[in-house]
Amino acid sequence: MRRVTLVKRSDGETVPFDETRVVEVIESALSAAGGRDPGLAGEIAALVSLFLEKTFYDAVPSVAEVEDMVERVLIDTGHAEAAKAFIVHRERRARLRSARSARDGYPEPTLFDQRVVIVDDTAAGLSAPYSREAVARSLSQDGLLPRPVADEIAAVVEEKLRRAGVSRAPTSLVRALAESELLQRDAPVDLRRRAAASILPETLEAAMYRRGPRSAGLEASPTPALAAQELGAMALRSHALSDLLPSDTARAHLDGDLFVHGLTMPGALHAASMTPEDVKRGVAPGAGTRGPEGAALNARRLAAAVGRSARLLAGSATHTAALVGAPLAFAPLCVNRSREDLAEDAWQLVLETSADPGARRMELDMSPEVSDSLADLAAVGGSGEALSVPNGELAGVATAFASALLRAHLRGSGLPARELLPIPVVGVSERSVGVAASRAALRQAAEIALTGERVIFPMLRDRGPVTGTSVARGAGSGAPPSASTCCAGRVTLNLPRAARRAGRGNVEGFLRECDRLVDLAVAAHQARRNVLALASSAPGGPLAPLFRANRGRAALYDMANATWSIGITGLNEALVHLTGFELHESDEASVRVAKRVASYLCVRVKAAGMSAELTTTLDADDDPEPPRRFLTCDRRQAPERTAEGFPELSSYTPGASVRADAPVDILLRIAREEPLHAYFSTATLRLPIAERDSGGPDGLVALLAKCLRAGSAIQVEFRTWS
Amino acid sequence: MVMRPTPLPPIRGLDPMSLTAWEGRVAAVISLQGCNFDCPACPVPHLVSVKPGLGSIPVENVLEAVYSRRRWLDAVVLRGGEPTLHEGLPELLRLLGEFELRVRLRTNGSNPEVLAQLIGSGELTSVSMSVRGPLDPAYSVASGTKVKLAAIYESVELLLASPGEHEFRVPWLAGVVEAEQMESVVRMLSGARRVVLEPSPDGTPGVREIRRVARSVGNFVESCIVAGRPSEDFGSAARTRKVVS
C-alpha cells in the first residue's frame with residue numbers, strides 16, 4: 001500500500017493531499033450535527049486516509065472521490081447526521097460551482113476552503129463565492145478607480161467580511177463596505193451611480209442576445225419587448241430582495257424556506273376586487289360614467305366604464321383582480337330590456353373585462369343568486385338610488401343578467417382568444433340550487449366547466465353575495481361583507497421543508513419551525529407595507545388612484561383594511577415526513593395531524609399579525625409556482641431524501657389538497673380536504689372528474705349542492721377531461 | 001328446528017360515487033351477482049353468471065363504505081345482474097334504509113311478484129326498469145334467453161300504476177331493437193313518467209339518431225331523454241313547460 005500524497009482538483013490541477021483539510025471538514029460536519037468529541041474527527045480522518053490508500057494505491061484520487069470517501073466513512077461509522085451535514089455542504093458547493101461555471105474567468109473556489117464568503121446575487125437569484133477579481137473589476141468600471149486601487153479595496157472588503165465571521169453576505173453589504181473604504185480614503189467617486197438592483201452584464205447579455213441557463217429564469221426566444229420586461233422584472237426583484245426585504249427573509253426566499261409573491265412588482269397589491277357600483281358612484285379609478293350632456297346612464301356605458309376601471313385594477317394587482325356583484329349592479333339598468341338587448345349588454349361586459357394579451361385574466365362574478373332584499377344590494381355597495389321596480393323583479397332581472405353573462409361566456413368559449421375571457425365566478429347558495437331560474441344558470445356554469453374552462457364556485461352559506469377574489473375573500477359571516485377588498489401581499493411557507501427539518505413524527509418540532517417561518521413572513525409583510533404606504537399615499541404614486549380620496553370622491557381602499565396573506569403549500573408532502581402517510585392514506589391519522597397543523601397555524605398567523613398590526617389571513621395557496629420552486633430547492637439541498645420520498649413527483653401538491661393523481665374517489669377526496677377549509681380564509685377544492693362520468697351539468701350541480709350543504713368547503717373548481 | 005336468517009345477496013361491485021347512475025343525484029352503486037338474462041350487449045357480462053367460487057365483497061364492508069360517505073350521498077342504486085333474484089334483497093334494502101338515503105332498484109322486470117312486494121314495503125324510492133324491446137319474440141333475442149313476456153308486461157303495468165318514482169330504460173341493439181322498435185316500446189310505455197333511450201355500449205347509432213326517436217315519440221310520456229343528456233327533455237311535460245314560458 002502506498003500513502004495518498006496527491007489529489008486532483010476539479011480544474012485538473014494536481015495538488016498535495018492535505019489530511020488536515022479532511023480533519024477540518026469532518027470536524028465542521030460533526031459540530032454541525034451537534035458532536036462535541038474533539039478527537040473524533042482525527043480518528044475518522046485517519047480511517048478516510050486508510051481507505052483512500054486501499055482504494056487508490058495506484059492512482060491519484062480526485063477531490064470528489066475524497067469527498068465520496070468521507071461521506072461513506074461517516075455513514076459507515078454511524079454518524080448519519082454528520083454525513084447529512086456534509087452532503088448539504090457538498091451540495092451547496094456544487095451549486096456554487098454550477099453558478100460559477102456560467103461566468104468566465106472567475107477562479108474556481110478551493111474545495112475544503114472553510115473561509116469562503118458566499119455573496120447572494122439577487123439579480124440572478126443565485127449565489128457565488130466572494131471574488132476579488134469580480135469586485136475589483138466592478139470598482140474599476142463603475143467607480144472609475146485605477147485598477148491597483150480597486151484590487152486593494154477588493155482585498156480589504158474581503159478581509160472585513162472574513163473578520164466579521166459572516167459566511168454569506170448580500171451584494172448590498174459588499175457595496176456598502178466598499179463605499180465605506182472609499183470614504184475613508186476620501187476617494188472622489190460615488191458608487192451609488194450603480195444602484196443596488198444590479199444586473200450582471202452576463203445576465204443582461206443572456207436576456208438580450210443569447211439565452212442563458214434556465215436556472216436564471218429565462219425562457220426561450222422572447223421578443224425584444226418581452227426581454228426588456230423580463231430585465232425590468234429582474235431588476236425590481238433584485239431591488240426587493242437586496243434592499244426592501246429584511247436580509248434573513250430574503251435569504252429564506254432564496255433558500256426556498258418560503259416564497260415571497262410579487263417581488264417583480266414590489267409596489268403592487270397581491271389581489272384586489274371592486275364592484276360596478278364603485279364605478280357608478282365614481283369611487284373606482286380611471287373612469288367616469290358621465291356621457292354626453294343629458295344622457296342617462298345605461299348598461300352599455302356602464303360596461304365600458306367598468307372595463308376601463310377593471311384594466312387599471314388588473315394593472316395594480318400581481319395575482320388576481322375581480323369584479324364582483326356585476327348582476328346586481330347591472331339589474332336596475334336592465335329592467336324591461338328585451339332578451340336580445342340583455343344578451344348584447346352581457347356580451348359587452350364580458351368583452352370589456354377580457355384581459356389584454358399577456359396579462360392575467362380577471363374574475364367576473366356571474367352569480368345567479370336570487371335576492372329579494374335590497375339589503376343585499378347595499379351589501380355589495382349599492383348606490384342607494386331610488387328604484388322604481390319591486391325588489392323581487394329586480395332580483396329576477398339580476399338572475400337573468402347573470403344567465404346572459406354565462407351564455408355570453410359559453411358563446412365566447414369558441415373564440416381563438418378565449419384564454420383572455422374573464423374567469424366566471426358563480427356563487428352557490430341554497431337559493432341558487434333551489435330556485436329554478438338560478439339553478440338553470442348554475443347548470444350553464446357547469447356546462448362551461450365541462451368544456452374544460454376554469455370556473456370558480458364559491459360556497460355562499462351565510463354570508464350573502466360573493467366578495468373579494470378567489471385568493472382573498474371578503475369578510476366572513478358576522479361582519480358586513482365588503483365587495484371592494486384588497487390583499488396587499490402574500491408569503492407562502494414551504495411546509496415539506498419545515499417537516500423534513502423537524503424529522504419523522506416530530507409534530508411539535510414542525511410547529512416550532514413553522515413559527516420561525518411565520519415570523520419571517522410577517523417581517524416581509526411589514527417591509528412591504530412600508531413600500532405600499534409610499535406608493536399609495538404619495539401624490540402621483542402608482543397606487544394613489546386606489547387609496548386616495550380625490551375631488552370629492554372617496555377612496556376605493558383603505559390600507560388599514562387591507563389583508564396580508566400567509567399561504568401554505570405542500571401540506572400533503574409535509575404529512576409524508578411527519579406521519580409516513582399522504583392526506584388520502586391511512587384511516588384518519590393524517591387528517592388529524594393536518595387539522596392540528598392548520599388550526600395551530602390559523603391561530604399563530606392571526607396572533608403574529610396582531611402583534612405587527614397587520615390583518616393577516618391563513619390561506620391554502622393553490623398557485624403552482626411556489627411548490628414547484630420549493631421542490632427544486634429541496635432536491636438541491638437533500639437530493640437523496642427527496643428522491644426517496646417523492647421519486648416521481650414533478651411538484652409538491654399545491655395548498656392543502658390531496659395529490660391530484662391520488663387513487664381515490666371524489667367523495668374521499670372531498671372528505672379529506674374540506675374539514676381543513678374551516679381553518680383557512682381561502683382554499684379551493686379541486687375535483688377531478690371525467691366528462692363521461694360527470695352526469696352532465698346536472699351531475700356537477702348535484703355535487704355542488706352536496707359541497708354546499710354537507711361540508712365547509714370555501715370554493716370548488718372542477719378539473720374535467722373528455 | 002333452527003331458523004336460519006336469509007343470506008344477504010352476494011355483492012360483486014361498489015362504486016362509491018356516481019353522478020350518472022341516477023341523473024342529478026350523487027349516488028353509490030352496489031352491483032349484485034347473477035342475472036336470469038343473457039343480453040348480447042350486456043355492459044356488465046361478468047355479473048351475469050352465478051358462480052359461488054368468484055367470491056364477493058363482504059356486505060359489512062360495503063355498508064361501512066356507504067355509511068362513511070352518507071353525508072355526501074343522495075342515494076344508493078342497487079343493480080345487477082338482476083337484484084330481484086336474491087332472497088336476501090329485502091333485508092339488504094332494510095339495512096340501507098337505516099342510512100336515510102334514497103334507494104333506486106334497477107331491474108329487468110322479470111319478477112313482478114318480487115317487485116310488487118318491494119314497492120309495497122316502501123323501502124324503494126325509485127325503480128329503473130330496463131325494457132329490452134317490444135313485447136314480441138324479438139324480446140327473447142334482445143335478452144339472450146327465453147323471456148315470459150307476460151311477466152315483463154305485468155312489471156310495466158305495476159310501475160305505471162304505482163305512485164312512486166320510476167323510469168324505463170330502452171337500450172338500442174343493432175339489428176334487433178332499432179328506431180322502429182324503440183318507438184314501438186315508447187308507445188307501449190305511454191303515460192310513463194320518465195323514459196331514457198340508451199345507445200348501445202359501443203355508441204351506435206349515435207346521439208343524433210336516438211334524439212330523433214326521442215323527438216318523434218317523446219310526447220307519449222312525461223319525460224323522454226337520451227342517456228347522458230338529461231338537459232334535453234323531449235317529453236310531453238317539458239313541451240308543455242316550453243309553451244307556457
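# Loops, sheet and contacts

Modeller: Let's start in a loop: A:Asn336 sits between helix H13 (326-334) and helix H14 (339-352) of chain A. Helices (H or I, at least four residues) and strands (E, at least two) are DSSP runs, numbered from the N terminus. This is a predicted model, where local features need pLDDT of at least 70 and side-chain atom pairs count only at pLDDT 80 or more, while totals for chains, interfaces and linings use all residues. Residues are numbered from 1 along each chain as its sequence is written, with chains lettered from A and ligands numbered from 1 in the order in which they are written.

Biologist: Why does A:Asn336 count as exposed?

Modeller: A residue is exposed if 12 or fewer other C-beta atoms, placed from the backbone, lie within 10 Å of its own, buried at 20 or more, and partly exposed in between. A:Asn336 has 8 C-beta neighbours inside 10 Å, so it counts as exposed. Its phi is near 65°, a positive value in a residue other than glycine.

Biologist: And what makes A:Glu613 exposed?

Modeller: A:Glu613 has 9 other C-beta atoms within 10 Å, so it is exposed. You'll find A:Glu613 in the loop between helix H23 (589-611) and strand E14 (615-620) of chain A. A:Glu613 isn't a glycine, yet its phi is positive, about 60°.

Biologist: Why is H19(A) called roughly parallel to H22(A)?

Modeller: The axes (lines fitted to C-alpha atoms, for helices over the stretch in contact, with angles from 0 to 180 degrees between N-to-C directions) of helix H19 (495-502) and helix H22 (571-579) of chain A cross at roughly 10° and come within 7 Å. Angles under 35 degrees count as roughly parallel, over 145 as roughly antiparallel, 65 to 115 as roughly perpendicular and the rest as oblique. That makes H19(A) roughly parallel to H22(A).

Biologist: Which residues of H19(A) and H22(A) meet?

Modeller: Contact needs C-beta atoms, placed from the backbone, within 7 Å. From H19(A), A:Leu495 and A:Ala498 are among them, meeting H22(A) residues that include A:Ala574 and A:Leu578. By class, this contact has 7 nonpolar, 1 polar and 2 charged residues (Ala, Val, Leu, Ile, Met, Phe, Trp, Tyr, Cys and Pro are nonpolar; Asp, Glu, Lys and Arg charged; the others, Gly among them, polar).

Biologist: How many residues does each chain give to the contact between A and B?

Modeller: Chain A gives 17 residues and chain B gives 16. On the chain A side, H27(A) gives the most, with 8 residues. By class, that side has 8 nonpolar, 4 polar and 5 charged residues.

Biologist: Now chain B: what makes strand E1 and strand E9 the edge strands?

Modeller: Two strands pair if DSSP finds at least two bridges between them. The open sheet has 9 strands in the order E1-E2-E3-E4-E5-E6-E7-E8-E9, with mixed pairing. Strand E1 (11-18) and strand E9 (229-233) each pair on one side only.

Biologist: How do you know that E5 and E6 of chain B pair?

Modeller: DSSP needs at least two bridges, and 5 join strand E5 (126-130) to strand E6 (165-171), which run parallel. B:Ser130 stands opposite B:Arg169 in E6(B).

Biologist: Which peptide bonds are cis?

Modeller: One of them runs from B:Gly80 to B:Gly81, with omega near 10°. Another links B:Thr204 to B:Pro205, with omega near 5°. B:Gly81 is in the loop between strand E3 (75-79) and helix H2 (89-97) of chain B, while B:Pro205 is in the loop between E7 and H7 of chain B.

Technical notes: Contact = placed C-beta atoms within 7 Å.
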